[in-house]
Amino acid sequence: MPIKKLYQEEQIDSPLGQLWHSFASNPFAVAGLWAIIFLLILVVLGPLLAPFQPEMQNPDAILLPPSWDQAGHVSHFLGTDDLGRDLFSRILHGVRLTFGMSLIVVISALVVGFVIGSLSGMMRGLKSSILGHLLDALLSIPSLLLAILVVAVTGPGLTNVFWAVGIALTPQFVRAIHQAVHEELQKEYVTAAKIDGASQIQIFWYVIMPNVWDVVIIQTTIAISVAILDIAALGFLNLGAQAPSSEWGSMIFQGLNSLLIAPWTITIPGLAILFTVLSINLVGDGLRSALAPIRN
Amino acid sequence: MWRYFVRRINLFFVTSIVMISVIFFATGMFPVEKGYALSGIQFPTVEQQAQTVEDYNLEDNQLNQFIAYVTQRLSGNLGISVNSQQSVADELSAVLPASFELSLFAGCIAVFFGVPLGVIASLSASKTIQRSILAITLTGYSIPVFWLGLTLALWFGVHLEWLPISGQINLLYEIEPVTGFMLIDTLLSERPYAISAFKDALLHIILPAVTLAVLPFTVVIRITRQAMMTVMTQTYIRAAEARGLNTFRILIRHALPNALIPVLKAFGLMLGSFASYGILVEVIFSWPGVGLWLINGIYQRDYTVIQAGILSVSLLIIFLSIMIDLVHTTINPINRKELYAN
């Protein structure tokens, strides 16, 4: 039995509740959220669910098409590649490498970018302007190009991709947070708090930050999809994860040799990337439109 | 206006200097001897060694080295390529036009198809059309471009055999470069096969350009739609309706020019990702542009090419985004008001 309402007055949700209601009213965004939860589970459990080792080569089952094809076999659900490696297992192991790594990269870039961005945002005058120019310069290098520069210095490899994409993403966070903090700082409610005698730290954390979190959230969703695409692109260019790795972009690169006779070796990892990035963009879009009325 | 102009020019110089110093810093970190990374001469003779040391001020402190580096690079000395032993500046000027051609073509495709679709999406009342256009744009946003390129090449190039999938033109045609834009060069060419060469070049550009156009296309649709929806609620549109103008005229003359201003801005913001997509597309379709050249330079550890490639692309992006910013300010009256108000 529902609790009887004793009072006439309207109940107003907390900001978080409002956000959730507005977010949940968009079915696509919720679908994206489920997809991300599914992927997060796969990041943890993927290797356990995989029927084969990702590097295990089966010389009896080379270039087997997916199981729904006439020539396919049910033991290799998504078929095998030119070395007889099971694509399904490789995709499951790859979730950790592509999606999991993009999360780690974005979180590290977010932490670094948050610290630098909020410090520089609170500064005024020359220091702030110098930092602004520096960031403009770093931002004008496309993230992939910056990543390529880092790889050119350090050499290819999955750990270097971490640094490359991380360094490429950090300026974007710094820039977004710097700008948001700076903009809020000009507003009158901050002046009011200052007149009340709030210290710099109090102004930053209790006055400004509640209005900046949404920028951080939106920037994070954008950054995750950029990170996935960059990691995969570097893998595809053979500058990131190297040959036997089951990183999705690298899998596409390894499938290039048998592209003409076995197109599924590139289609399946490609679809996996598309699915992941699409679900993140759906959630990001949903969050943006849910946050829009609150921000304005 | 002039103050703003000067400030933007300043910004361009400061940003470029920062950019060059990032590349200078990275050059110092390359896992080879510094003189080699700077000049591209792997086994220099005594004179060459002395020349490199003198050119780049290698025995001085870092600051003077940096000044020497900037002077050398800006005076057009980009060193020689480690692999081809050619001057990097010459190679760069040979590959740049091809990239421009591809990106311009892709940009035009995006605008020609994106703007009308965006307008339709903003005007149509039907939920299905709106939803499907949004779904298309979101997919276009999320699709990995290298995979899309491969799939298109596989389908239209290999299975259907409609379009060629690699290079800029069939090697049978010998076209002397004038502008570097293959489509223009073939038309300018005096040879008897000029027209068929033009057709061939046109066929070659379609697949890479369409692949590259997907990202700007989706962005243009989204921004146009959003801008049109805001513009159509403005009072001056209602005034135009009240004057009895027909809808088409209102759209073209009154609403669209204002709706296109944010599209221009979005183009400026998109340049970076557009360039990285361009690199991937060039690699997939072996398009002889800067991207392919740069990636090959990395595979071959060609340090001078890497520097020149990254330097040229990023300087171009800085320059273009500041240009777009300037144009945006000049044509947008609202922006101007803000400028003068301060």
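Two residues are in contact if their C-beta atoms, placed from the backbone, lie within 7 Å. With that criterion in mind, select chain A: residues 24 or more positions apart account for 71% of its contacts with a separation of 6 or more.

The model is predicted, and local features require pLDDT of at least 70, side-chain atom pairs count only at pLDDT 80 or more, while totals for chains, interfaces and linings use all residues. Residues are numbered from 1 along each chain as its sequence is written, and chains are lettered from A and ligands numbered from 1 in the order in which they are written.

**Chain A**

Colour chain A by secondary structure. Chain A has 11 helices and 0 strands, where helices (H or I, at least four residues) and strands (E, at least two) are DSSP runs numbered from the N terminus. Along the principal axes, the C-alpha atoms of chain A fill a box of roughly 75 × 65 × 25 Å. Of the 296 residues in chain A, 45% count as buried; a residue is buried if 20 or more other C-beta atoms lie within 10 Å of its own, exposed if 12 or fewer, and partly exposed in between, with C-beta atoms placed from the backbone.

Next, select helix α2 of chain A, residues 27–49. The end C-alpha atoms of this 23-residue helix are only 29 Å apart, short of the 33 Å that a straight helix would reach at 1.5 Å a residue; the expected span is 1.5 Å times one less than the number of residues. Centre on Val43(A), where α2(A) bends by about 55°, the bend being the angle between axes fitted to the seven residues ending there and the seven starting there. A proline, Pro47(A), follows within four residues. Show also the buried residues of α2(A), namely Ala29(A), Gly32(A), Leu39(A), Leu42(A) and Gly46(A).

**The contact between the chains**

Display both chains. The contact takes 35 residues from chain B and 34 residues from chain A. On the side of chain B that touches chain A, the elements giving two or more residues are α1 (2–29), α6 (127–142), α7 (145–159), α11 (247–284), α12 (290–299) and α13 (303–331) of chain B. That side has 27 nonpolar, 8 polar and no charged residues. In this classification Ala, Val, Leu, Ile, Met, Phe, Trp, Tyr, Cys and Pro count as nonpolar, Asp, Glu, Lys and Arg as charged, and the others, Gly among them, as polar.

**Chain B**

The C-alpha trace of chain B spans about 80 × 60 × 40 Å along its principal axes, and buried residues make up 40% of its 342 residues.

Select α5 (88–123) and α9 (194–232) of chain B, which pack at an angle of about 35° with their axes 6 Å apart. Axes are lines fitted to C-alpha atoms, for helices over the stretch in contact, and angles run from 0 to 180 degrees between N-to-C directions. The residues of this contact of α5(B) with α9(B) divide into 23 nonpolar, 6 polar and 1 charged.

- Glu161(B) lies between α7 and α8 (182–188) of chain B and has a positive phi of about 55° although it is not a glycine. Glu161(B) is exposed, with 9 other C-beta atoms within 10 Å.
- Ser286(B), between α11 and α12 of chain B, has a positive phi of about 40°, although it is not a glycine. Ser286(B) is partly exposed, with 13 other C-beta atoms within 10 Å.
- Arg191(B) is in the loop between α8 and α9 of chain B. The C-alpha atoms of Arg191(B) and Leu74(B), 117 residues apart along the chain, are separated by 38 Å.
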